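Please work through each task with the model open before reading its solution.

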Amino acid sequence: MEFSLQTFLGLGRRAEDLSAEQHRLAVKVKPSFLQYLSYLLNFMSVIAGPCNNFKDYIAFIEGRHTHMKLLEVNWKQRGFQSLPEPSPTGAVIRKLYMTLVSLLLFLTLTKAFPVTCLVDDWFVHKANFLTRLCYLYIVMQASKPKYYFAWTLADAVNNAAGFGFSGVDKNGNFCWDLLSNLNIWKIETATSFKMYLENWNIQTATWLKRVCYERVPWYPTVLTFVLSALWHGVYPGYYFTFLTGTLVTVAARTMRNNYRHYFLSSKALKVAYDVVTWAVTQLAVSYTVAPFVMLAVEPTISLYKTFEWCGGMCRMCQRPCSLGCWVFASLAPFPATGAHTSAPEGRRWLLTELIFQNIPRYGCSLGSPRPFDHSDDTQKTTEEKEPAQKNQEDLP
C-alpha cells in the first residue's frame with residue numbers, strides 16, 4: 001500500500017499539488033519489475049519489518065543512501081570538502097546490546113508477572129482498586145521487552161547491512177535511526193498519550209499517517225485506529241485496544257489543550273504537572289493495551305469489569321467537572337455503608353450518575369472533535385475555525 005501511494009503521488013498527481021513530504025517520497029519514474037520484487041521481498045525486513053519507503057531502499061541498493069542523506073543536511077556547506085563514509089558499527093553494537101537486555105528482561109519478568117495474573121481470583125475479587133491498577137502497570141511493563149527486542153534487532157540487522165542512515169544530529173554525530181521503530185527512553189518517560197504514540201512502532205504509525213490520516217476527509221482519528229486494528233489481525237483484543245485508544249486520545253488531547261498552560265508559570269508547577277501526567281499516561285496506556293496482550297474477549301471483559309469500565313468514561317472527561325468526578329469515582333475508597341454495601345458498588349453508582357448527568361448536557365459523539373455543548377460558546381476552537389487542518393496528535 002505504501003509503494004502504491006508513493007507511485008500514485010509521483011505519476012498520478014501534479015507536483016504543485018504535493019506537500020514537501022509527499023514530494024520527497026513520490027516515485028516519479030516507473031520502477032522495473034525486478035526493483036519492485038526486490039523492495040517487496042527485501043530479506044532484511046520481510047518478516048519483522050521495519051517499514052521503509054521505496055526511494056530510500058533503491059538509494060541503498062544503488063549505493064547512494066548515505067551520500068544522499070548527507071547532501072540533504074548540506075554537509076558541504078558546513079565546511080567539509082568531501083563526503084565521509086559513516087560506519088554503522090557503533091550503532092549496531094549498541095542496538096545488539098539493547099536486544100540482549102530486552103530479551104533477559106522479558107524472560108525474567110514474564111515469569112514473575114505473567115499476563116494471566118490479570119484474571120486470577122485474587123486480582124479480580126480480593127485486590128483493591130489501587131493495587132489492581134499498580135499490578136496492571138507492572139504486568140504491562142513486563143510485556144513490553146519482547147517488542148523492544150524484536151524491533152531493535154530488526155533495526156540492527158538493517159544497519160549492519162548499511163541501511164538506516166538518517167543524517168547528522170545537532171551535535172554533528174552520525175545518526176542511524178531512519179528505520180528505528182521505537183525510542184525506549186521517550187516511551188518510558190512519556191508525559192502525554194501523544195508523546196507515547198509518537199515513539200512506539202514509529203514506522204507503522206508513519207505509514208498509517210500517510211495512507212489514512214492525511215487522506216480521509218472525515219473522522220481521521222477514528223478511521224486511522226480502525227485501519228490499525230484491521231492491519232494487526234482478527235483477534236478481538238486488538239479492537240478493544242484501538243477503540244479504547246480512540247477515546248483516550250481525544251480525551252488526552254482535550255485535557256492537555258485546556259489545562260497545561262496553567263502549570264507553565266513556574267518550574268515547580270511544571271515539574272508537578274510532568275510527574276502527574278507521566279503517571280496518568282503510563283496507567284492509561286496500560287489500561288488501553290491490556291486487551292492487545294490478552295487477545296481474547298473473556299479475559300478482556302473480566303479485566304475491564306474489575307475497573308468498572310472507567311476507561312470508557314474518558315470521552316466525557318473533557319470538562320473540568322467531569323474529569324474531577326471521574327477520577328474521584330475511580331479512585332475514591334467508598335465506605336461500605338448506606339445504600340451501597342461495597343466500594344465497587346459505590347464507585348459504580350457514582351459513575352452511573354456521572355453518565356446520566358453529562359450525556360444530556362454534552363452530547364458526546366465518537367467522531368466529533370469536542371463534546372457538543374448547548375450553552376452559549378462564543379469562542380470557537382481552532383478546529384472550528386480551520387476545519388481543513390487536522391490535529392496530528394493521535395496516530396496509533
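**Exercise 1.** Is the crossing of H6 and H9 left-handed or right-handed?

*Solution.* The structure is a predicted model, in which local features need pLDDT of at least 70 and side-chain atom pairs count only at pLDDT 80 or more, whereas totals for chains, interfaces and linings use all residues. Residues are numbered from 1 along each chain as its sequence is written, and side-chain values use heavy atoms, with hydrogens and water left out.

Begin with the two elements, helix H6 (residues 89-112) and helix H9 (residues 145-160), whose axes come within 8 Å and cross at roughly 160°. The helices are DSSP runs (H or I, at least four residues), numbered from the N terminus, and the axes are lines fitted to C-alpha atoms over the stretch in contact, with angles running from 0 to 180 degrees between N-to-C directions. That angle makes H6 roughly antiparallel to H9, the term for angles over 145 degrees. The crossing of H6 and H9 is left-handed, meaning that the near helix is turned anticlockwise from the far one by less than a right angle.

Next, list the residues that make the contact (heavy atoms within 4.5 Å): H6 contributes Ala91, Val92, Lys95, Leu96, Met98, Thr99, Ser102, Leu103, Leu105 and Phe106, while H9 contributes Pro145, Lys146, Tyr148, Phe149, Thr152, Leu153, Asp155, Ala156, Asn159 and Ala160. Sorted by class, the residues of this contact of H6 with H9 comprise 13 nonpolar, four polar and three charged; here Ala, Val, Leu, Ile, Met, Phe, Trp, Tyr, Cys and Pro count as nonpolar, Asp, Glu, Lys and Arg as charged, and the others, Gly among them, as polar.

**Exercise 2.** Describe how H8 and H15 pack, and classify the residues of their contact.

*Solution.* The axes of H8 and helix H15 (residues 267-294) are 9 Å apart, and the helices pack at an angle of about 65°. H8 and H15 are therefore roughly perpendicular to each other, a class that covers 65 to 115 degrees, and their crossing is left-handed. From H8, the residues Leu133, Leu136, Tyr137, Met140, Gln141 and Ser143 meet Trp278, Gln282, Leu283, Ser286, Tyr287, Val289, Ala290 and Val293 of H15. This contact of H8 with H15 has 10 nonpolar and four polar residues, with no charged residues.

**Exercise 3.** How many salt bridges does a search of the whole structure find?

*Solution.* The search finds six salt bridges, each defined as a side-chain nitrogen of Lys or Arg within 4 Å of a carboxyl oxygen of Asp or Glu.

- Because glutamate 188 lies in helix H10 (residues 184-188) and lysine 144 in the loop between helix H8 (129-143) and H9, the pair ties together parts that are 44 residues apart in sequence. Lysine 144 has a relative accessible area of 7% and is buried, a term for values under 20% with a 1.4 Å probe and protein chains only, exposed being over 50% and partly exposed in between.
- Lysine 194 is partly exposed at 25% relative accessibility, and glutamate 198 is partly exposed at 42%.
- Glutamate 62 counts as partly exposed at 47%, and arginine 64 counts as partly exposed at 39%.

**Exercise 4.** Which residues does threonine 288 touch, and is threonine 288 buried or exposed?

*Solution.* Threonine 288 is located in helix H15. With residues up to four places away in sequence left out, threonine 288 touches Phe193, Thr241, Thr244, Gly245, Val248 and Tyr304. Its relative accessibility is 3%, so threonine 288 counts as buried.

**Exercise 5.** Where do tyrosine 219 and leucine 295 lie?

*Solution.* Tyrosine 219 lies in the loop between helix H12 (202-213) and helix H13 (220-232). Although tyrosine 219 is not a glycine, its phi is positive, at about 45°. Leucine 295 is in the loop between H15 and helix H16 (297-306), and leucine 295, also not a glycine, has a positive phi of about 75°.

Definitions and conventions:
Parallel < 35°, antiparallel > 145°, perpendicular 65-115°, else oblique.
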